[in-house]
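Subject: Handover of a structure

Dear colleague,

Please find below the structure that I am handing over to you, followed by an account of what was found in it. I would be grateful if you kept the model open while you read.

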Amino acid sequence: MKKILSVLTILVFGVVLVACGDTNKDEFNMDATIKVYTRDTTSGTRDAFFTGISFKDAVSSNEKLVQGFVEVDGNGTMRSGVASDEFGIGYVSLNSLNDTVKALKFNNVVASEANVNNNTYELKRPFMYVTRYAQSDTEPADDIEALVRAFVAFTTTQEGKAAIQGKGGILEVLASDKKWDEIKSLYPVTAKDNSSITIRFGGSTSVESVAKALTAAFTPLAGNFVAVHEHTGSGDAVKRTWGSEKDAANSLHIGFASRDFNQGEKDLFGSASNGRLNWDAVVPVVHPNNPLANITAEQLVKIYDGTFKKWSDIA
């Protein structure tokens, strides 16, 4: 009798599991209203996304966006917003993508390292840096400037590139890349005890994980200086190194942007040490229950300008 009850219990439990299982994909309401998620107008991810889909009017203004859009302040909040909204759509940096959301192909091409490197994935953008020091062959003014120069050099080494790749950064690895041990003698400051020195890093939230991986790898090799990260958006990269906040309490020694610097920013920093860390991709994302697998630039524009109001409009 106990055996029969056990079998019945297992059967009933199995039916309950099936009833509560992943059936939503078959029941997705294509007539539901699309909920649009976007980043704020200072975001490099937003810039790359709207530039990449040829919707330039939406790069720095919300005027042309569909009414009722949701503005979020980072890749994490974008991801969690879409993950909890069955009818939402947004976009995130490739290096912050996870399985809580569904990545869409863009123009039938998957966002991947290989496709970014071979230029078949079109929604790509650079991760840039700028320091508060001019490019110069003269002696550094102090140990902070010397450490910043050493950090920039470290990003091009085998160890630096490995740290970038470890966080999803896409770059070219060359046989000629030096190891840190091969160039560290050029930066004698790194042989000192620098534990009393603080260097401030900030700017893009998309670059944050790469920047933190680089400093985690570099600080033990450079006298254990203190690396402070405060990432508040690409728009602050130049503002806090060379712009209106360069002398404020929240100024930066190195700022990062997840897009090319615009002409106004280049005019501000002039001959400052700057360059590209790596490439990244911007990925359109939807809720995992959404049956959509691919989306085009034209469809994305029509979603974000409000032409497409329901998911069935895309089909």
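Strand S4 (residues 102-103) pairs with S10 in the antiparallel sense over 2 bridges. In that pairing, Lys102 has Val286 of S10 as its bridge partner. Two terms are needed here: helices (H or I, at least four residues) and strands (E, at least two) are DSSP runs numbered from the N terminus, and two strands pair if DSSP finds at least two bridges between them. Please note that this is a predicted model, in which local features need pLDDT of at least 70 and side-chain atom pairs count only at pLDDT 80 or more, while totals for chains, interfaces and linings use all residues. Residues are numbered from 1 along each chain as its sequence is written, and side-chain values use heavy atoms, with hydrogens and water left out.

How much of S10 is buried? Of its 15 residues, 12 are buried, so that strand is mostly covered (buried means under 20% relative accessible area, exposed over 50%, and partly exposed in between, with a 1.4 Å probe and protein chains only). S6 is mostly covered too, with 8 of its 11 residues buried.

For the protein chain as a whole, the secondary structure comes to 12 helices and 11 strands. Buried residues make up 46% of its 315 residues. Its C-alpha atoms fill a box of roughly 80 × 60 × 40 Å, taken along the principal axes.

I turn next to the pockets. On a 1 Å grid over the protein atoms alone, a cavity is a set of points where a 1.4 Å probe fits but cannot get out, whereas a pocket is an open set with protein on both sides within 12 Å along at least five of seven lines; lining residues have an atom within 4 Å of a point. Grid points are joined across faces, edges and corners, and a volume is the space filled by probe spheres set on the points.

The largest pocket has a volume of about 280 Å³. It is lined by 14 residues, of which Lys161, Leu171, Glu172, Arg276 and Leu277 are the closest to its centre. Helix H6 (158-166) and strand S10 (272-286) are the elements that give two or more residues to this lining, and S10 gives the most, with 4 residues. The lining divides into 7 nonpolar, 4 polar and 3 charged residues (Ala, Val, Leu, Ile, Met, Phe, Trp, Tyr, Cys and Pro count as nonpolar, Asp, Glu, Lys and Arg as charged, and the others, Gly among them, as polar).

The second largest pocket has a volume of about 220 Å³. Among the residues that line it are Asp137, Glu139, Arg149 and Tyr187. Its lining divides into 6 nonpolar, 1 polar and 5 charged residues.

Finally, the aromatic rings. Rings of Phe, Tyr and Trp (its six-membered ring) pair if their centres lie within 6.5 Å; planes under 30 degrees apart count as stacked, over 60 as edge-to-face and the rest as tilted. By this rule the count comes to 19 aromatic pairs. Phe49 and Phe50 are edge-to-face because their ring centres are 5.2 Å apart and their planes are at 65°. Phe50 also forms an edge-to-face pair with Tyr304, at 5.4 Å centre to centre and 80° between the planes. This second pair links distant parts of the chain, with Phe50 in helix H2 (residues 44-52) and Tyr304 in helix H11 (residues 297-304), 254 residues apart. Phe49, Phe50 and Tyr304 are each buried, at a relative accessible area of 0%.

Elsewhere, one aromatic cluster includes Phe151, Trp180, Tyr187 and Phe256.
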